[in-house]
Amino acid sequence: MKESLRTKVLAIISEDQILYNEPMSLHTTFRVGGMADTVLIPGNEKEAVALLRLFSDCKEPWFVLGNGSNLLVSDKGYRGTVIWIDHNLSEITIDDDKIRADAGALLVKIASLAAEASQSGMEFASGIPGTLGGAIAMNAGAYGGEMKDIVESARIFNPETKQCEEIAGKDLCFSYRNSLIRQKGYVVLSATLKLAKGDPVSIRSRMAELKEARTQKQPLEFPSAGSTFKRPEGYFAGKLIDDAGLRGYRVGDAQVSEKHAGFVINTGRATAEDVITLIRNVRKEVYEKSGILLEPEVCMLGEGLEL
Ligand SMILES: Cc1cc2nc3c(=O)[nH]c(=O)nc-3n(C[C@H](O)[C@H](O)[C@H](O)COP(=O)(O)OP(=O)(O)OC[C@H]3O[C@@H](n4cnc5c(N)ncnc54)[C@H](O)[C@@H]3O)c2cc1C
């Protein structure tokens with residue numbers, strides 16, 4: 001970061017909210033990735049918006065990070081600035097059947113508080129290890145539910161106008177693992193979720209049931225970014241990969257999970273190069289065997305991760 005830009009950043013946040021040459025392997029659930037030049041950690045929404053305004057006004061590349069649970073970062077790292085919207089922006093307020101939460105709040109935490117308040121609707125998300133912001137951007141979903149079903153509105157920063165806006169859920173153009181947030185490069189600051197009064201025992205029991213299903217089926221004992229590929233319409237990525245004979249297939253320490261072929265796992269010291277090579281080879285092989293071209297669900301950051 002240029003010195004003149006750093007001076008402007010230091011007018012918004014303090015030196016201890018800046019990390020230099022930060023290994024992104026520490027900020028991704030894949031535990032993979034080289035160093036980002038700079039990571040900025042806003043302490044509240046006001047700081048986040050001021051930083052976002054500053055960066056949307058200059059040529060320096062920037063990227064918004066949540067919990068890094070759907071992210072593959074290049075071994076060469078990221079020549080730019082990461083603005084990390086996580087634990088510092090994680091307030092959650094429950095009011096009757098509505099929850100207002102900051103973008104950095106973890107879905108797991110929101111789901112647990114919703115259950116405590118006898119609010120149903122978040123059960124599907126209780127095992128997704130992302131922040132609210134990342135989940136809205138990705139329209140995260142599982143077991144028949146999606147963020148689209150529960151987002152009443154989101155407060156976003158628009159880098160084009162440099163203003164904050166409240167956008168109704170119905171206008172967020174949610175589709176499978178996509179939303180207006182990703183299409184327009186908006187940044188989620190907070191959101192209101194609309195839930196429904198439910199029976200706390202049934203809510204907890206549904207959450208426990210889904211947790212058990214995840215533990216049984218997913219390789220949660222290894223670092224990963226969840227499902228590596230999107231579900232092609234009418235198929236399951238894991239089944240196509242399995243049918244292509246690729247269950248357990250390895251490149252270096254990256255492996256198609258033996259437990260769930262839809263997950264690429266890091267069995268030890270996988271590099272981003274291992275992961276992307278494996279992804280490329282799986283795509284090619286599955287295409288040759290089935291005629292279906294898998295698209296990654298995992299977001300990529302940095303050089304050399306082209307398909
Ligand atoms: C074990 C495991 C299981 C998983 N299971 C599921 C599942 O069942 N269903 C599912 O959908 N996903 C699943 N995932 C993937 C992941 O948890 C979700 O996509 C999650 O919503 C990503 O949130 P995040 O905060 O980690 O985002 P990150 O990984 O940090 O970022 C992902 C994308 O969102 C953007 N982003 C992050 N925060 C914001 C923000 N505040 N505003 C705008 N954009 C933002 C980033 O720029 C990036 O493009 C799983 C992952 C793992 C590791």
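**Rings and helices**

Mentor: Let's start with Tyr78, which counts as buried because its relative accessibility is 9% (buried means under 20%, exposed over 50%, partly exposed in between, with a 1.4 Å probe and protein chains only).

Trainee: What should I know about the model itself?
Mentor: This is a predicted model, where local features need pLDDT of at least 70, side-chain atom pairs count only at pLDDT 80 or more, and totals for chains, interfaces and linings use all residues. Residues are numbered from 1 along each chain as its sequence is written, and side-chain values use heavy atoms, leaving out hydrogens and water.

Trainee: How many aromatic pairs are there?
Mentor: The count comes to 1 aromatic pair (rings of Phe, Tyr and Trp, with its six-membered ring, whose centres lie within 6.5 Å; planes under 30 degrees apart are stacked, over 60 edge-to-face, the rest tilted). The ring centres of Phe63 and Tyr78 are 6.4 Å apart with planes at 65°, so the pair is edge-to-face.

Trainee: Which strands are those two in?
Mentor: Phe63 is in strand E3 (residues 62–65) and Tyr78 in strand E5 (residues 78–84), so the pair ties together parts 15 residues apart in sequence. Strands (E, at least two residues) and helices (H or I, at least four) are DSSP runs, numbered from the N terminus.

Trainee: New topic: which residues meet between H3 and H6?
Mentor: Ala111, Ser112, Ala115 and Glu116 of H3 meet Pro200, Ile203, Arg204 and Met207 of H6, where contact means heavy atoms within 4.5 Å.
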